[in-house]
Amino acid sequence: MIEFERYTLKNGLKVLLHYDKATPMVVVNTLYDVGARDEHEDKTGFAHLFEHLMFGGSIHVKDFDQELQKAGGESNAFTSNDLTNYYEIIPANNIETALWLESDRMLSLAFTDKSLEVQRNVVIEEFKQRYLNQPYGDVWLKLRPLAYSKHPYKWATIGKDIAHIERAEMSDVKKFFKKFYCPSNAILCISGNFDSGSIKHLVEKYYGTIPGGKKPARLLPIEPTQKEFREKIIQRDVSADAFYYAFHMSERKNIGYYLADFLSDAIGKDQSSLLNIALKKEQNMVSEINAFITGSLDHGLFLITGKLSEGVDFDTLDNALWKELEKIKVEGFSDRKLNSLKNKLSTAKAFQEQGLLNKSISLCMFELLGDANGINEEMQIYNSIENSDILNFANSILKRENCSLLKVNKTK
Amino acid sequence: MNRKNAPKTHKTGAISFVSPEKILLNESAPLYWLGDISNETARIDICFDAGLRKGKNSIASMTSSLLLSGTSLKSSTEIHNQLDDLGAFFDIGLSHEGVMVSLFALKSNISEAYEVLLDAITNACFPESEFQEIKAEKIQKFKININRVGVLAQRAFQKQLYHGTEYAEVSNEIELQKVERTELLKFHKANYVSGLFKIAIVGALAELQIQHIRNISKAFCIKKPLEFKSDFFNKPGAIHIEKKDAVQTAIRIGKTLFNKTNKDFLDMSILNTILGDYFGSRLMKNIREDKGYTYGIGSIISESGGSGYLLIGSEVGKEHLQAALDEVKKEMYLLCDEKIKKEELDLVKNHLLGQMLKISDGPYAMMDLFLSVESYGMSSDFYNSYIQRIHDIDASAILRMANAHLNWSDMSVISAG
């Protein structure tokens, strides 16, 4: 059980406080309700580029990192299709430094040309390092537009194209900040060994005077229900054929999310998962096979990916895979399997709850979904899953007409 | 409030380093136990003297991948199912100097899970089908990875760093093809069945459980203490590996150093931080934050049983290779020529003290800190000395250290891309 206190400042900033006296540290985590899904289709990759610019100095502070390091703290951030998250980890007695820095960049950035120019280049190198210069690195750039035709999940967080990043201008940066980076669009979670008597006063001191702004309305195009199977084949200079089956699934708030997470663990998380045993161990068709979900807030994807064993072709795998999926749709799983999955989730949860940063990010995420207390309720949901739920769920999504398949053909 | 003024900062408080209880498995192998933990989780690390140094690369690596592949009584699937039933996870880490198998579970289940795991490891019989499967998988992975510029550069770096010793060997496809199951059986018998050299337990277990773990483990322990090779000397000079279609070039620059037992270790660690081991380091500030040549650049000091090395690594835009190398060289010269300014040194000191606090947060962190000094016959006092040295070190000591260990001409300089 993770205890926390929740309140909202006058300017709309939601605040979560989680006190943990066992640690000497404090984590200040700030989640902004903006991600790549909020970008314009002609200016993709911007939410992520902007995250880099948040470290380029704010209105009163020239060098964010330097000030933080002086106080023994460290910081990082990440952007997803759904949200942008920033954190500082700092010795508890220097909490004020983190609040000062994080609140100042919520108030306003410095907007220097140098920062924009350098971070454009850094992000271009990141694009190359992660997506272009790796075997199979660009599959997500191809798979997203295959699975999504309308919803902005059709582009990756890094952006559709390097050119979009190259073209980013200061006026875009300023507009983006004004629209999305305001207290009413943010959730602040402070966790760790803070002084509970003065913490609210400190939060008010640093955040209370920031103009609240208006929470931007989100009107995203709705992805039409997929009606027929889609397939795309790309040729790459790699040494094994690879496959990516993507099935549409429900949004994060729906019970279907938990079922999808559970099902993906059961069929493709580790060596004892069903597809690993059937297609790898018993039939030697693949050298690896995995199932996982994207974890998106809007309607996400359930994926089955892997690489073919030498000498096996895509059709053989396809037949064998669907045979296994059909079996699941009829039989589901044994009680033993369901119980062991629940036990593993309990263990994982117990370990996760020890990480201060982990807890802080999760609290913010659940608050974004509507209630931070969701962090204390999810295990109950997993524990209530029964075989009949899995059967219904598997039958509703593991269908050919709900599937997009990307094949990577080796050229060698 | 004037937002231009930074809030007052406070010194990092004292850290009390906790050492685990030491229980002997036999005269050469210890069991360490940290039981003061207030939640339900537990971890057991088991270390075997079965690292890459003990056999040809691919044999050590294949054996470690097949530790849970089945015994004469249980199939691989049954072993995994039993661990799953107990909600347990495991992780296998292979290095030059050992294999560490880590088991994670709730304390109520961990003894039982440990029995399953230990039985699987010590009685592994490497069934032919499992062997063929892992062999095919390793070959495929090798073929995929050999196209990564980072892997190409790292392999070449390892050859230069350890040249002339068995540590320099890197696996290749032909060698992987040739491996036979009988070699794994032999390797397993020599290095696992009587190669257990350490167990570390974190978790509020009962004394009886610890005794049980000790009793079922001791038969597999090494008979005499481990010894490690220490006379490594890297081969300086530049090597470029051309990869035509690459859009980035991987860089690896480094040289042989030493481990924690050396008198220069603490000062060198602090110098390494200044050079490239935090976000505000000289390398990051110059090569990423000023020039934008890369997404990231960093330097580390890595240790082995008897030695250690410095490594600077990055992936830079192909067109920036020469400029990036020039800047790394320039930063090394600068550290050798100019005393670090007080402001920067103070910042690094504060950063390091904050990091020290962070990495000693909680019982798992305490055990990890302990294990990383215990291997060198040292105690957690090491960290008190380190903290003291962070407070005491001055610019002249940093300059001395740079002149002793940051000479460009001593470096092995690898680029691939």
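This is a predicted model: local features need pLDDT of at least 70, side-chain atom pairs count only at pLDDT 80 or more; totals for chains, interfaces and linings use all residues.
**View 1. Strand β10 of chain B and its hairpin with β9(B).** Strands here are DSSP runs of E with at least two residues, numbered from the N terminus, and two of them pair if DSSP finds at least two bridges between them. Strand β9 (residues 294-303) of chain B runs antiparallel to β10(B) and is joined to it by eight bridges, and the hairpin between the two passes through four residues.

**View 2. The pairing of β8(B) with β10(B).** Strand β8 (residues 248-256) of chain B pairs with β10(B) in the antiparallel sense over nine bridges, and B:Lys255 stands opposite B:Leu310. Strand β10 (residues 308-317) is mostly covered, with ten of its ten residues buried, a residue being buried if 20 or more other C-beta atoms, placed from the backbone, lie within 10 Å of its own.

**View 3. An open sheet of five strands in chain A.** The strand order is β7-β11-β8-β10-β9, with mixed pairing, and the edge strands β7 (230-236) and β9 (286-293) each pair on one side only. Within this sheet, β8 (residues 242-248) and β11 (residues 403-410) of chain A pair in the antiparallel sense over six bridges, where A:Tyr244 has A:Leu406 as its bridge partner.

Key: Residues are numbered from 1 along each chain as its sequence is written. Chains are lettered from A and ligands numbered from 1 in the order in which they are written. A residue is buried if 20 or more other C-beta atoms lie within 10 Å of its own, exposed if 12 or fewer, and partly exposed in between; C-beta atoms are placed from the backbone.
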